[in-house]
Amino acid sequence: MLDLFYTPFSEFEFMRRALVGVVAIALGGGPVGVFLMLRRMSLTGDAMAHAILPGAAVGYLLAGLSLPAMTVGGLFAGVIVAVAAGLVSRFTALKEDASLAAFYLLSLALGVTIVSLRGSNVDLLHVLFGTVLALDDNTLLLLASISTLTVLALAVLYRPLVLECVDPVFLRSVSRAGTPTHLIFLGLVVMNLVGGFHALGTLLAVGMMMLPAAASRFWTSDITTMMIVSVAIGILSGFSGLLLSFHAELPAGPAIILSAGAVYVMSLVVGREGGLLWLAWPGKHLEA
Amino acid sequence: MSAQTSAIRFDEVTLGYGRRPAVHHLDGTIPAGSLTAVVGPNGAGKSTLLKGIVGTLKPLEGHIGLNAPSSGIAYLPQAAEIDRSFPLSVYDLVAMGLWSRSGLFGGIARRDRTRVDEALSAVGLTGFERRPISTLSGGQMQRALFARLLLQDAPVILLDEPFTAIDAKTTADLLDLVRRWHDESRTVVAVLHDLDMVKRVFPHTLLIAREPVAWGRTPEVLSPENLLKARRMVEAHDPHADVCHRSVA
């Protein structure tokens, strides 16, 4: 029985690499996802995942399936879109979601077109859904660096990030850190999406951010715990998704996101903080 | 500190949105250590005035002079601007008042923790430390925000409608803190609607209706004639106003 969980990883190196990759993605993506959710930017994350595509596609066009070219292209495109959308929403009447929705449709269409210019359908699938079962040393190093940098940056920015969500007026009255913090945070989002892009592809990268974060909201009302829970859910989803894909011969990326989705649905139903079951049967009211 | 030193000085200040003035040609000083109420109808520019003092809104014309660094101002905006659904504890919300000491990254020392506990106890929220802010009532939230103000330990304190929709008991408790700040020679400016409270507690009043109507000792400012004048001024709002040519002295 234990073999079912253990053997795939002990026998196959590509499974071990995949596991290390998803753990790295979960470590960085979880906390970033929690902040995205609490800042009501969940759809922003989704849109930015797509904004990466044309940049990565240009890298692909120039250098083929090359890690550095696609990473740099993706970061470049993501940062441009993130900063542009962030500035637009701060200084004009257009809300961030509206400008991002426009960017996202444009980027997806542009990216798919660029990849098709040169590549086969296999390459297109690679870009859209990633190759979590074929992570080489350099990709793993990239993923590990991104999650390390993310955790460190969040630790440094924690206070202004929280304060900007809760009470932006207060933050402005005591500090000018608000706008730089916001921009650095958007940079972290892009970085994590580019990392996730290599493993899970542009369409699913955001899944390892938002699903664990959304699920964690149903288990705690404390932000620190929430980030830890979301990392744990991310790792668990990666682990069970890889096993699921191995035993049932499913594509790995979608299996991982489906596992995360299953945890989310379960949390939605039985989660202690506002899950559906607790809403339906809250128990008899207390004395005080 | 002598009552003659000014904490905040207004030189022909006009504040507004777009080109429309919300506070029009305000001139005068708020003395250090004074306790001033800002009174006027809705839309008279009271909140705008506070935003101008804090610096989140730049004057369209004129100059606001502060006798303290901007970190020396503690500002309580209208409560509606806080995201109450955020998963944050009461303790953490209140501890943010330590910002000027701890800054972006600094830790919170044990002495500071004692001060947070004292502030919570001063507003009657001992025992609420671990509670998420989403579970607080309106009055409890206002108590927490006053605790945060206490921790900010600022020489100038600005309060925007601090007692609106707050019950009598909480108002009385928080008003005691305002008196305490006054006794400690801090400069307090509060936007208020309850004229009886203003007469009872606040020695100075600025009556404003876009234009300053009257400014000085409360009993003289809140005369029936002045109050009537304040109401008329706002009612006379002109949608086709010309460019203001009043000279800046």
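Helices (H or I, at least four residues) and strands (E, at least two) are taken here as DSSP runs, numbered from the N terminus. Counted in this way, chain B of this predicted model contains nine helices and nine strands.

Along the principal axes, the C-alpha atoms of chain B fill a box of roughly 55 × 40 × 35 Å. Of the 249 residues, 41% count as buried. Among contacts in chain B with a separation of 6 or more, 71% join residues 24 or more positions apart.

Within chain B, strand β1 (residues 6–17) and strand β2 (residues 20–31) pair in the antiparallel sense over eight bridges. One of the paired positions is B:Arg9, whose bridge partner in β2(B) is B:Thr29. The two strands form a hairpin with two residues between them, and B:Gly18 in the turn has a positive phi of about 65 degrees.

In chain A, attention falls on helix α12 (residues 252–270). The buried residues of α12(A) include A:Ala252, A:Gly253, A:Pro254, A:Ile256, A:Leu258, A:Val263, A:Tyr264 and A:Ser267. The buried residues of this helix pack against α2 (13–38), α6 (121–129), α9 (178–204), α10 (207–216) and α11 (223–248) of chain A.

Key: Residues numbered from 1 in each chain as written. Chains lettered and ligands numbered in written order. Predicted model: local features only at pLDDT ≥ 70, side-chain atom pairs only at ≥ 80, totals over all residues. Pairing = 2+ DSSP bridges. Buried ≥ 20, exposed ≤ 12 C-beta atoms within 10 Å, placed from the backbone. Contact = placed C-beta atoms within 7 Å.
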